[in-house]
Amino acid sequence: MSLSVFYRGTKVKFGFRLSQRRLLSLASIAVLVTLAFTKPWAYSGVDPTIARQTITKEQIALAAQEAAVLELKNQTEKKLTAMTIYLGEMQSQMRRLDALSQRLAKVAEVDNGEFDFSAGPMAVGGPEATIADAPEVRVEDLLQNIDGMLGQLSDKQKQLAILESVMMSHHISAESFVAGRPIQSGWLSSQYGVRKDPFNGNPAMHKGLDFASLEEGAGVFATGAGVVTWSGERYGYGKLIEIDHGAGLKTRYGHCDELLVKEGDVVTRGQQIAVLGNTGRSTGPHVHYEVLRNNKQIDPYKYVYRDAN
């Protein structure tokens, strides 16, 4: 192979030889140098601006999907935590049922072992901890625990129904007749039925009778013999006493200042069970008195003003 050049008007010819392999190497180097100084997009047929916009859109979509998955995870964890707390409340109610059942069995003079009230949730304890410290909750375990708890509650209810029947027959059937007012002095301040709500002024159903008194520390009295099935705070009622008189009949005494009986106590008609107060959703000292038939509030008026003998 030769190369001719002109130097000061004189043609000078150089001769040299290149192998085919060396020629290919030089050609490859030339291609690489060319690509190094050009934009790859020019050879791919893709507009770089459009490519960048497409990548940006995909990044935004992936970020949105990641946020949605994270939100779903957070909501699921919150629901699992709420279910766990509710299960704990159910276990607490089971322990209350056990304690109540044991007291009732003792009063009714029946063999406590016959009803096996000790079965179920065991004693628990431990240092105080936050929800964040709790171990991971498995949905399968939680649902299994809830199913087991519902089965135990059903058994407890059947046992209590039997025990109630026995005890009512042994002790208070003669005095379970409900009659009279829950206070000794005072006046009827609100009737049963639709009235104007004292807090917001809207029409609302009042499912009991209100008895007010100016006497400080006035007593609240049971209107019939029965078993105390609730003694404590309840939303709207403040401090509440509930008495089961058997045969589906119950009475409630709300807004009390002090409770003098506890769950499982057997009370007689005319026994003082609380001190009149102003707790809960109340505008002044009074007792909110309800009568329930098969767990539904009915008008207490006929029970209040009928003969107790």
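Colleague: Let us begin with tyrosine 289: is this residue buried or exposed?

Modeller: The model is a predicted one, and every value I give is computed from it. The general idea is that a residue counts as buried if its relative accessible area is under 20%. Tyrosine 289 has a relative accessible area of 0%, and therefore it is buried. Tyrosine 253 also counts as buried, because its relative accessibility is 0%.

Colleague: How should I read the arrangement of the rings of tyrosine 253 and tyrosine 289?

Modeller: A pair of aromatic rings is described by the distance of the centres and the angle of the planes. A search of the whole structure finds two aromatic pairs. In the pair formed by tyrosine 253 and tyrosine 289, the ring centres are 5.4 Å apart and the planes stand at 50 degrees, so this pair is tilted.

Colleague: Which residue lies over the face of tryptophan 230?

Modeller: That residue is arginine 234, placed at 4.2 Å from the ring centre of tryptophan 230.

Colleague: Which residues of the largest nonpolar core touch the most other members?

Modeller: This core has 23 residues, and those that touch the most other members are Val220, Ile243, Tyr253 and Ile273. Several elements each supply at least two residues of this core, among them strand 9 (238–246), strand 10, strand 14 (286–293) and helix 6 (301–304). There is also a second, separate core of 10 residues, which includes Leu80, Leu87, Met94 and Met149.

Colleague: What does histidine 255 contact once its neighbours within four places in sequence are left aside?

Modeller: Its place is in strand 10 (residues 249–256), and at 5% relative accessibility histidine 255 counts as buried. With those neighbours left aside, histidine 255 is in contact with residues including Tyr237, Lys239, Asn278, Arg281, His286 and His288.

Colleague: And how far from leucine 209 is leucine 188, both in sequence and in space?

Modeller: Leucine 188 and leucine 209 are 21 residues apart in sequence, while their C-alpha atoms are 7.2 Å apart in space. Leucine 188 lies in strand 3 (residues 187–190) and counts as partly exposed, at 24% relative accessibility. Leaving aside neighbours within four places in sequence, the contacts of leucine 188 are Leu209, Asp210, Phe211 and Tyr305.

Colleague: Now I would like to understand strand pairing; in which sense do strand 8 and strand 9 pair, and over how many bridges?

Modeller: Strands of a sheet pair through backbone hydrogen bonds, either parallel or antiparallel. Strand 8 and strand 9 pair in the antiparallel sense over seven bridges, and serine 231 of this pairing stands opposite isoleucine 241 in strand 9. The two strands form a hairpin with three residues between them, and glycine 236 in the turn has a positive phi of about 85 degrees. Strand 8 (residues 226–234) is also paired with strand 12 (residues 266–267), again in the antiparallel sense, over two bridges, and there valine 227 stands opposite valine 266.

Colleague: To finish, how many helices and strands does the protein chain have?

Modeller: The protein chain has six helices and 15 strands. Of its 309 residues, 31% are buried. Among contacts between residues at least 6 apart in sequence, 64% join residues at least 24 apart. The chain exposes about 20,300 Å², of which carbon and sulfur atoms supply 56%.

Notes:
Residues are numbered from 1 along each chain as its sequence is written. This is a predicted model: local features need pLDDT of at least 70, side-chain atom pairs count only at pLDDT 80 or more; totals for chains, interfaces and linings use all residues. Side-chain values use heavy atoms; hydrogens and water are left out. Helices (H or I, at least four residues) and strands (E, at least two) are DSSP runs, numbered from the N terminus. Buried means under 20% relative accessible area, exposed over 50%, partly exposed in between (1.4 Å probe, protein chains only). Contact means heavy atoms within 4.5 Å. A nonpolar core is a set of buried Ala, Val, Leu, Ile, Met, Phe, Trp, Tyr and Cys residues joined through side-chain atoms within 4.5 Å. Accessible areas come from the Shrake-Rupley method with a 1.4 Å probe; for residues, only the protein chains shown count as cover. Two strands pair if DSSP finds at least two bridges between them. Rings of Phe, Tyr and Trp (its six-membered ring) pair if their centres lie within 6.5 Å; planes under 30 degrees apart count as stacked, over 60 as edge-to-face and the rest as tilted. A charge sits over a ring if NZ of Lys or CZ of Arg is within 6 Å of the ring centre and within 35 degrees of the ring normal.
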